[in-house]
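Please keep the sequence and the three-dimensional view at hand while reading.

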Amino acid sequence: MRVERTELIAKITGPGSVNRTDRRFAVHGTDLGILWDGGDGRVFVLFGDTFGEGWGGDGGGPDSADWRCNVLAFSRTRDLSRGLILDGVVPRADGTAAQVIPRDGRRDEVTVIPNSGIAVEGRQYVQYMSVREWGPPGWWHTNYGGIAVSRDGGVTWDKPRGARWANRAERDDPFQMGAFARDGDHVYLFGTTNGRHGDAYLARAEIPDILDASAYQYFTGRGWVRDESAAVPVLPGPVGELSVAYSVHWGQWLALHLDDPGGVILLHTADRLEGPWSAGEVAVSGARFPGLYGGYLHPWALDGPDIYYLMSQWGPYNVFLLRSRLTRDR
């Protein structure tokens, strides 16, 4: 697969965006914008650390700037050619965006950041990370990676202790940041270590066991076992902010992620989730969009040659909708 061209469609969040989230939802600065089909006629759009009026820019601001670890919006937009329109959010009492996935209340937890979402049989699931400390750009330390669940359309969320992968003292557990995909009777979970520099590994669980970390099987290159330590990389690093979806048009799986040292968002393709995955094709470059990261595929834009996805930029610390035209390799 080859990326023929990439276009900026619209600014989605912040002042001057198509959604004017600063005025409507008290979202002046935010990032990520994880997308999944909620199964109820809406696309869920889950953002990371979010700030209101008075935020500091470049990835954050003081606590007094109305900080929320994450906020959840919804969209019914089918025609993405002019942008992704946010119809509403999970609100606070004043109608502005509320934090949805709660913190643990532990002293060694800085924030709770979502990484991927999926709807299965009327429930919403989000893979998230409990961040212990931020480090240099592209590096951080997590307490654990976990799966949260909502049974009321994303309004309230539980974080079961049995749905967690504890990080090790070496900070190298490979399921701290995840990307969901569904194939048949299994939900698949791609995992990476904390930060943006690890390989991606693959686990799976049957539908009833999504919230039972002990029930997951791990891909070894030759088969599936319950031993997490036997997992082998399926996508070589550095992998950051991974998004995986199936393209009906191309008949292949797509994986989009940040290559942090390279300063680019890469696209990979594969016939099977286990791979082999293609070498990375540059979808968008940091030379064009400095400080870029993310790259979350829109689930309703997989039936044609174009893909749409949300990208973040560190400097404006907001989210943008991009479109890439894909073609077959010659």
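The model itself is predicted, and every value below was computed from it.

**Cavities**

Rolling a probe the size of a water molecule over the atoms shows where empty space is left. In this model the count comes to two cavities of 30 Å³ or more, and the table sets them side by side.

| Cavity | Volume | Classes of lining residues |
|---|---|---|
| Largest cavity | about 60 Å³ | five nonpolar, four polar and one charged |
| Second largest cavity | about 50 Å³ | nine nonpolar, one polar and no charged |

Which strands each supply at least two residues of the lining of the largest cavity? They are β10, β11 (186–192) and β15 (240–247). The residues that line the largest cavity include Met 177, Gly 178 and Ala 179, along with Phe 190, Gly 191 and Thr 192, and also Glu 241 and Leu 242. Asn 115 and Val 239 belong to the lining of the largest cavity as well.

The second largest cavity is lined by residues among them Thr 21, Phe 25, Val 27 and Phe 47, and also Leu 86, Val 89 and Ala 97. Both α1 (21–25) and β4 (71–75) supply at least two residues of this lining, and β4 gives the most, with three residues. Val 71, Leu 72 and Ala 73 are also named in the lining of the second largest cavity.

**Gly 178, a residue of the cavity lining**

Gly 178, which is one of the residues lining the largest cavity, is found in strand β10, a strand that covers residues 177–183. Is Gly 178 buried or exposed? Its relative accessibility is 7%, and because buried means under 20% relative accessible area, Gly 178 counts as buried. When its neighbours within four places in sequence are left aside, Gly 178 is in contact with Asn 115, Ser 116, Gln 127, Leu 189, Phe 190 and Gly 191. Asn 115, Phe 190 and Gly 191 are also named in the lining of the largest cavity. The C-alpha atoms of Gly 178 and Leu 202 are separated by 9.3 Å, and these two residues lie 24 residues apart along the chain.

Strands of a sheet pair through backbone hydrogen bonds, either parallel or antiparallel.

Nine bridges join β6 to β7, and Ala 119 stands opposite Gln 124 in β7. Strand β7 (residues 123–134) is then joined to β8 by 10 bridges, with His 141 in β8 as the bridge partner of Glu 133. The hairpin of β7 and β8 has five residues between the strands, and in this hairpin Gly 138 takes a positive phi near 90 degrees. Strand β8 in turn pairs with strand β9 (residues 164–166) over three bridges, and here Gly 146 stands opposite Arg 164 in β9. How many residues of strand β8 (residues 140–150) are buried? The strand is mostly covered, with 11 of its 11 residues buried.

**The sheet of β15, β16, β17 and β18**

Another open sheet is formed by four strands in the order β15-β16-β17-β18, and its pairing is antiparallel. Here β15 and β18 (281–285) stand at the edges, and since each has a single partner strand, one side of each is left without a neighbour in the sheet. The twist averages 20 degrees from one strand to the next.

Within this sheet, strand β16 (residues 252–259) and strand β17 (residues 264–270) pair over seven bridges, and His 257 stands opposite Leu 266 in β17. Strand β17 is also the place of Thr 269, which counts as buried at 7% relative accessibility. Not counting residues up to four places away in sequence, Thr 269 touches Met 1, Gln 252, Trp 253, Leu 254, Pro 276, Trp 277 and Ser 278.

Methods
Residues numbered from 1 in each chain as written. Predicted model: local features only at pLDDT ≥ 70, side-chain atom pairs only at ≥ 80, totals over all residues. Heavy atoms only, no water. Buried < 20%, exposed > 50% of the residue type's maximum accessible area, 1.4 Å probe, protein only. Contact = heavy atoms within 4.5 Å. 1 Å grid on protein atoms, 1.4 Å probe; cavity = no way out; pocket = protein on both sides within 12 Å on 5 of 7 lines; lining within 4 Å. Points joined across faces, edges and corners; volume = space filled by probe spheres on them. Nonpolar A, V, L, I, M, F, W, Y, C, P; charged D, E, K, R; others polar. Pairing = 2+ DSSP bridges. Axes fitted to C-alpha atoms, helices over the stretch in contact; angles between N-to-C directions.
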